[in-house]
Number of protein chains: 2
Amino acid sequence: MAYSIPAPINAPQRILLGPGPSDTHPRVLAALAKPTIGHLDPYFLQVMNELQSMLREVFQTTNELTLAVSGTGSSGMEACVVNLIEPGDRMLVCINGVFGGRMSDVATRAGAQVTTLERGFGEIFSPEEIAEALQRVQPKVVGIVHAETSTGAWQPLEEIAKVVHASDALLLVDCVTSLAGAPVEVDRWGLDAVYSGTQKCLSCPPGLAPVTFSPRAVEVIERRQSKIASWYLDMSMVRSYWGDSRAYHHTAPINENYGLHEALRLVLEEGLEHRFARHMHNHRALKAGLQAMGIEYSVAEGQQLPMLNSVWVPEGVDDSGVRSQLLREYGIEIGGGLGPMKGRTWRIGLMGEASTARNVLLFLAALERCLLDQGMSLDSGVGVAAANAVYRNGE
Amino acid sequence: MAYSIPAPINAPQRILLGPGPSDTHPRVLAALAKPTIGHLDPYFLQVMNELQSMLREVFQTTNELTLAVSGTGSSGMEACVVNLIEPGDRMLVCINGVFGGRMSDVATRAGAQVTTLERGFGEIFSPEEIAEALQRVQPKVVGIVHAETSTGAWQPLEEIAKVVHASDALLLVDCVTSLAGAPVEVDRWGLDAVYSGTQKCLSCPPGLAPVTFSPRAVEVIERRQSKIASWYLDMSMVRSYWGDSRAYHHTAPINENYGLHEALRLVLEEGLEHRFARHMHNHRALKAGLQAMGIEYSVAEGQQLPMLNSVWVPEGVDDSGVRSQLLREYGIEIGGGLGPMKGRTWRIGLMGEASTARNVLLFLAALERCLLDQGMSLDSGVGVAAANAVYRNGE
């Protein structure tokens with residue numbers, strides 16, 4: 001029987017308000033479609049230099065070893081861990097959600113002696129408890145998540161970096177969801193190894209993982225006794241390709257890097273401060289709307305991420321029924337809960353391009369319709385009214 | 001000082017006749033630019049199913065575990081190795097070029113006890129010498145490269161698969177450069193773990209690595225005593241995302257997968273047999289032209305890959321001078337030699353979309369100009385004439 005070739009890609013126009021990917025700007029989509037060229041083409045080498053330069057701006061760092069790993073955000077996590085960890089090294093991993101748990105798994109596979117510090121999903125860590133654990137464990141590396149995509153919790157890092165450095169450990173940070181949506185001040189805070197993904201607040205399709213390593217982290221890599229467990233993610237080789245020697249390692253994803261180049265240009269055109277303020281402003285409007293509709297955040301006040309709003313599914317409402325209806329009738333994607341939050345929370349992303357007043361108002365109006373269909377008792381219009389009040393006050 | 005944002009991507013139009021990436025079809029570029037959607041969107045799940053189905057056609061397999069790893073070809077190599085190898089396992093790696101050497105490095109990092117079987121760059125292995133090594137080493141896995149991108153050598157696999165299976169080992173094969181340009185008959189030959197890349201004969205930008213695992217290989221993965229060294233490449237988890245449970249692992253590179261979808265459609269529209277014949281035909285014409293110009297292949301007759309022509313740089317000719325001139329004056333990229341072949345060979349790719357009579361004739365004509373500029377004594381027109389003779393004879 002002859003094979004029947006599938007029809008061409010006919011992707012629907014969604015509004016991506018989930019935990020990522022977020023909406024991609026048309027300029028980024030256009031950049032993806034520029035002609036593929038060689039990975040050692042003089043023009044592509046220029047693109048790589050520009051990417052490094054723009055990534056340093058966005059990470060707020062002068063770290064030389066700043067580049068885009070050729071894989072998604074999780075490959076960035078693995079890259080940071082396997083480059084810093086040698087078998088038997090002690091690592092302290094702070095777990096308050098799925099991604100801290102993942103980091104612990106990655107570190108264990110890399111041969112680390114992992115000690116975990118655990119908090120409930122949605123909670124954050126204090127510098128004091130980390131200082132206490134540092135004394136107890138004496139780790140080489142401390143791993144923590146800045147923006148827990150699974151819970152919506154926002155972990156302050158500045159004080160923690162101080163206690164980590166006081167004990168001479170390295171601080172490894174997951175900024176997948178925060179980068180370009182909230183401040184990530186790598187140099188000022190003193191972060192040693194940081195990874196992110198392209199598909200959150202950078203609003204670029206998934207496929208690359210921006211990373212940056214401090215000079216202290218680079219020294220640790222250079223002084224390793226053992227080979228890095230992953231050849232593909234071996235920064236001692238990858239940096240030679242991104243550096244002046246241009247030593248061939250692997251073939252960079254050319255068109256993906258075009259997309260990231262344009263996405264970074266958009267970020268820097270807007271300016272980091274404006275971008276962070278925009279994310280915060282739309283978050284406040286969304287929150288006012290949701291709370292007016294009786295929907296509560298699953299993270300404590302003051303610890304809520306602006307780009308990822310995790311809220312409790314209201315009593316008696318069908319989690320996946322609402323998400324399906326939003327997708328089917330409005331093309332709006334939001335996320336369900338992960339891990340122990342499965343079926344209990346919704347994760348509403350306002351990331352990068354998707355963080356707009358237009359999306360906030362539409363989402364609140366569409367959600368109202370879905371909740372009314374679910375039989376929830378609700379004063380019609382209160383969500384939109386509360387959001388508009390925030391916008392009108394310019395808070 | 002204010003940061004100066006780089007100009008937008010302004011990629012030149014190249015003709016990619018190097019060792020990869022190859023030229024991307026406009027339909028693939030257009031697919032890359034379709035709207036990004038969620039990685040669990042019902043439409044994206046359909047795309048994944050279609051990708052698996054088309055990849056099985058191209059790999060000529062019914063293997064259930066057939067999918068695109070979210071990284072470049074080298075990540076496919078690492079995925080195959082780390083999933084099959086547990087620390088202490090014996091692996092026999094056949095090295096006759098850079099990529100066999102890389103496989104040995106990857107396997108060592110994964111904890112394998114590696115024994116290498118080595119041949120000169122450009123040579124291939126006989127089933128007899130592998131049978132002998134199998135007896136001596138008794139490995140769990142044998143790794144070999146089907147199409148050595150660094151040398152242009154074409155390794156027959158069918159007989160080797162038989163001797164490997166006779167000793168109860170698994171055969172792990174690098175088909176990065178061969179897939180979709182020459183037969184890769186996974187089931188008929190009995191290959192157990194095969195990886196490829198998108199940027200060679202599939203003519204899709206780099207960024208994904210098609211892989212396929214036989215039921216025997218899957219059994220080995222399922223019976224592992226230790227965790228897979230790489231979380232990112234752990235097929236026991238990745239397969240759950242591509243399988244019916246759709247368990248979240250990492251966020252798939254959405255737009256890259258769109259591109260691969262269209263690239264696979266193009267391959268299957270043309271038909272594998274026609275595509276292989278086209279690659280062979282253009283290879284013959286190129287070879288006739290090069291030989292008429294006094295340029296010799298660095299691989300023995302009968303062992304030359306159709307999609308990657310490795311030839312000796314003629315005596316007295318400046319390797320990089322010619323490559324620069326080709327790029328500068330004609331926008332044509334060819335590759336230099338790798339490893340011990342650096343400065344000694346050129347690697348001329350005729351891969352996927354780039355394998356056309358148009359490219360063969362233009363390249364021969366442009367190369368003639370460059371060689372004349374280098375002061376090489378050459379009867380003008382002989383290359384093109386010889387190639388056209390092949391085309392006119394329809395050989």
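This is a predicted model: local features need pLDDT of at least 70, side-chain atom pairs count only at pLDDT 80 or more; totals for chains, interfaces and linings use all residues.
Residues are numbered from 1 along each chain as its sequence is written, with chains lettered from A and ligands numbered from 1 in the order in which they are written.

Between the chains, the contact draws 66 residues from chain B and 66 residues from chain A. On the chain B side, the elements that put in two or more residues are α1 (26-32), α2 (42-59), α3 (73-84), α4 (98-109) and α10 (254-270) of chain B. Helices (H or I, at least four residues) and strands (E, at least two) are DSSP runs, numbered from the N terminus. The top contributor on this side is α10(B), which gives 9 residues. By class, the side of chain B that touches chain A holds 30 nonpolar, 20 polar and 16 charged residues.

Now for the helix pairs. Two packed helices are described by the angle between their axes and the distance between the axes. In chain A, helix α3 (residues 73-84) packs on helix α4 (residues 98-109) at about 45°, and the axes are 9 Å apart. The axes are lines fitted to C-alpha atoms, for helices over the stretch in contact, and angles run from 0 to 180 degrees between N-to-C directions. The pair α3(A) and α4(A) is therefore oblique, on a scale where angles under 35 degrees count as roughly parallel, over 145 as roughly antiparallel, 65 to 115 as roughly perpendicular and the rest as oblique. The crossing of α3(A) with α4(A) is right-handed; that term applies if the near helix is turned clockwise from the far one by less than a right angle, and left-handed if anticlockwise. From α3(A), the residues Met77(A), Glu78(A) and Val81(A) meet Arg102(A), Met103(A), Val106(A) and Ala107(A) of α4(A). That contact of α3(A) with α4(A) comes out as 5 nonpolar, no polar and 2 charged residues.

Over in chain B, helix α11 (residues 272-292) and helix α13 (residues 357-373) pack at about 15°, with 9 Å between their axes. That angle makes α11(B) roughly parallel to α13(B), and their crossing is right-handed. Here Asn282(B), Ala285(B), Leu286(B) and Gly289(B) of α11(B) meet Ala357(B), Val360(B) and Leu364(B) of α13(B). The contact of α11(B) with α13(B) has 5 nonpolar, 2 polar and no charged residues.

As for sheets, chain A has an open one of 3 strands in the order β11-β14-β13, with antiparallel pairing; two strands pair if DSSP finds at least two bridges between them. At its edges stand β11 (308-312) and β13 (335-336) of chain A, each with a single partner strand, so one side of each has no neighbour in the sheet. In chain A, β13(A) and strand β14 (residues 345-349) run antiparallel and are joined by 2 bridges, and Gly336(A) has Trp346(A) of β14(A) as its bridge partner. In chain B, 3 strands form an open antiparallel sheet in the order β11-β14-β13, with β11 (308-312) and β13 (335-336) of chain B as the edge strands. There, Gly335(B) stands opposite Arg347(B) in β14(B).

Most residues other than glycine have a negative phi, and most peptide bonds are trans. The Gly20(A) to Pro21(A) bond is cis, with omega near 0°, and Pro21(A) lies in the loop between β1 (15-16) and α1 (26-32) of chain A. Gly20(B) and Pro21(B) are also joined by a cis peptide bond, with omega about 0°. Gln60(B), a residue other than glycine, has a positive phi near 55° and lies in the loop between α2 and β2 (65-69) of chain B.

Methods
Two residues are in contact if their C-beta atoms, placed from the backbone, lie within 7 Å. Ala, Val, Leu, Ile, Met, Phe, Trp, Tyr, Cys and Pro count as nonpolar, Asp, Glu, Lys and Arg as charged, and the others, Gly among them, as polar.
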